[in-house]
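Let's take a walk through a protein fold, one piece at a time. Have the picture open and follow along.

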Amino acid sequence: MPPVVADWFAGKGWAPRRHQLDMLAAARRGRNALLVAATGAGKTLAGFLPSIIELAEAPAEGLHTLYVSPLKALAVDVQRNLLTPIEEMGLPIRVETRTGDTPSDRKARQRVRPPHMLLTTPESLSLLLSHEDSTLLFAGLRTIVIDEVHAFATGKRGDLLSLALARLQKLAPGLRRVALSATVSDPEAYQGWLAPHGDIETVELVLGDPGAEAEIAIMLPADERIPWSGHSGRWASENVMREIERHKTTLIFCNTRSLAELIFQDLWTVNEQHLPIGIHHGSLSIEARRKVEAAVAAGKLRALVCTASLDLGVDWGDVDLVIQMGAPKGSSRLLQRIGRANHRLDEPSEAILVPGNRFEYLEARAALDAIEEGELDPEIFRAGALDVLAQHIMAAACAAPFREEEMLDEVRSAAPYAGLSADLFRQVLGYIESGGYALRAYDRFRRLTREEGPEDGAIIWRVSHPRFIQQHRMNAGIIVDAPLLDVRFRNGRKLGTVEEYFGSTLSPGDTFFFAGLVLEVERIDGTDLLVQASSKSARIPTYMGARMAMSTNLADRVRAFLHDREQWRRFPDDVRDWLEVQDYRSTLPAPDQLLVETFPHEHRHYMVAYSFEGWNAHQSLGMLITRRMESAGLKPLGFVSNDYALACYGLEPIEDPAALFSPDILEDEFVEWVQGSNLLKRAFREVAVIGGLVERQHPGKRKSGKQVTFSTDLIYDVLRRYEPDHLLLRAAWEDARTRLTDVSRLARLLDRAQGTMIHVPLDRVSPMAVPVLVIVGREATATGLAEDALLIEAESLAETAMRKD
């Protein structure tokens, strides 16, 4: 290291860690690198250290290093933490951020006089690449650092970033790629994703030393009686408040925004010492989020209730406890959240899990065992999405005309698109050229024009009209929010957003919790939901979208717990009693078996399947099975599910469950159901926006969610009728299969049903059926009255289920 950097380490009393020196050595050799190291191990510094040293040894103007983060907040946080060492070293290195929140005048100035280091997001990078001057801007780029790579590599944002990497490599052939992560279960897969042309040999794997093992506990009620129902851990509000009082700063993670609002209110109610507590989630305004982030960084908050909006990397040294409300859903996610505490490699992070019910206790125990054994959640890579490819090609065309063969070679160098056929690539180009066969008569879909090169006859593509360049830049992006309403006070102050469908359920005078406040609706004015503060009782906003499902490795561990009675001695008495009575009254399946119980309850006939394949897969299967029940004359009334079980109920007893679970359900009813439901329309709306078919914004105005939905529904109906094999319909179908219905886990469930199903007819509800049956009561109980009624119903059900007579 040059003296200025070595002296800085010495002045701090530090020595570089081994993995930081390994990253530096890889950079000296010009090698790409993937660093997998625990939170608190100095990953960010390891990623930037080679760039700092290069600029210290050979100062130069122009953009040297790009840092790409999945979160705007992370880019801002890294800038703060990076500027301090650079200033302390006295180096003339300029560091700036560029995200959707960056003022337009600064964005324009950055393209003319770029900083040495630019911190950005995949979407902002893609927009930069759409400018005519991107060739000059990136020509001298030496390094790109991708932080928290596990957070987006396997999804559509990863597809966009992979394509951007391919473009950058063409503009700057000597570019070095670096990726950082704390939780990667399959490093080789990530090396392949990071490498040009997927060549793993070009990416060095650097492993950090393991940090101190986290101290993780499961919170239990004082009487060790874990609730029968619920998934929030709300029973523990007073216990959680005591933990907040005992610690400097506590992060309280919730799996949904709705639950975060609810837990905040619960904690505020029992906050007898009036400690400062905040709330943070993705629907709050940026001003509200920045305010609480700054307050935590300054040590002014004792606790922050948050969601996945803070899963990643925000470095607050005084956080000394992380609490997970409800089930963890995955060992990797839990480790990521635990890593928010302490941020020091040699000291253990402290975390507490608060299970909401008995199944969640088993899931929490499974997560602790997985972490202890070093087992992380599996990561599933898939072929790149076509709507993302269409957006990227349009961005490249906005910068300059391109040759078709050269663009295909460039796209194939991105790992997700390595297998892209020339025919499918031409179909994507044809879609951008005309919108497709059914839409080609409309000029507004003719975004690209095809020409033959004057010299060699090569096919060249250029943007058809300058207005399409502006249209692309205003509408580009991968994250497609549900239609939103802005929540505002009468004076115009914005608090955040709620989804339009929730807003449509509100009338003037209704109240709801938001941003830690009780708000009363005054009126809806266009896309604004105007509110005033209130002290009335209130409801919680609900949000659409797929839920986080329990990971497959935790599901496998929970199934093993049921079968392995040696494990039961580790469980609280009431959990052990629950399993023992279940075994006595029904049975407990082996890990490869599917238990299905049937029984009467309150003049209905129930069928409960315990598959542990997650809420999304169970919701899909519930829709399919109730359709089969209807065809079989079983008079279904409905279904409910959680991550662990699916319960269908009707007026006639189900004598032969196996017939309902036959695998041809995925070939026949599944296709018919998805095509006839709103699932495909919802998926099409997303791919149409990402693929550039429908605009979200026009100059000077933004379309409302209803307008976007109306436009996409109209186009969807036209394409279904006149061009059913349209590129975007195929992309929507793929999204509906994989993301919205979790079809891979659905298939796994049906496979297990063949030959391993155990059907146990019972005369009444079983112990394991109680948690899912209570959901029927929840859906039938009016909001506000639900909690007490459900507690009474759960105890009554449990008493019936646990009787041995």
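Start with strand β1, residues 32–36, where it lines up with strand β6, residues 176–181: the two run parallel and are joined by 4 bridges. Keep in mind as you look that this is a predicted model.

Now look at another partner of β1. Strand β7, residues 203–207, also runs parallel to β1, and 5 bridges join the two. Here L34 turns up again, standing opposite L205 in β7. What holds strands together like this? In general, the strands of a sheet pair through backbone hydrogen bonds, in either a parallel or an antiparallel way.

Time to zoom out. These strands belong to an open sheet of 7 strands, in the order β3-β4-β2-β5-β6-β1-β7, with parallel pairing. At the edges sit β3 (95–98) and β7, each of which pairs on one side only. Neighbouring strands in this sheet are turned by 20° against each other on average, ignoring direction.

Helices pack on this sheet too. Helix α5, residues 104–112, touches β3 and β4 (117–120), and its direction makes about 125° with that of β3. Helix α9, residues 187–194, touches β1, β5 (143–146), β6 and β7, and its direction makes about 140° with that of β7.

Next, hop over to helix α15, residues 386–399. This helix has 14 residues and reaches 20 Å from its first C-alpha to its last, close to the 20 Å expected at 1.5 Å a residue. Why call α15 largely enclosed by the rest of the structure? Because 14 of its 14 residues are buried.

Which helix does α15 cross at roughly 65°? That's α17, residues 422–434, and the two axes come within 10 Å. The crossing is right-handed. Where they meet, L386, L389, A390, I393 and M394 in α15 touch L424, F425, V428, L429, Y431 and I432 in α17. An α-helix has 3.6 residues a turn, so residues three or four places apart point the same way.

Last stop: the cysteines. The structure holds 0 disulfides. Take C306, whose nearest cysteine sulfur, that of C254, is 7.3 Å away. C306 counts as buried because its relative accessibility is 0%, and C398 counts as buried at 3%.

Definitions and conventions
Residues are numbered from 1 along each chain as its sequence is written. This is a predicted model: local features need pLDDT of at least 70, side-chain atom pairs count only at pLDDT 80 or more; totals for chains, interfaces and linings use all residues. Side-chain values use heavy atoms; hydrogens and water are left out. Two strands pair if DSSP finds at least two bridges between them. A disulfide is a pair of cysteine sulfur atoms within 2.5 Å. Buried means under 20% relative accessible area, exposed over 50%, partly exposed in between (1.4 Å probe, protein chains only). The expected span of a helix is 1.5 Å times one less than its number of residues. Axes are lines fitted to C-alpha atoms, for helices over the stretch in contact, and angles run from 0 to 180 degrees between N-to-C directions. A crossing is left-handed if the near helix is turned anticlockwise from the far one by less than a right angle, and right-handed if clockwise. Contact means heavy atoms within 4.5 Å.
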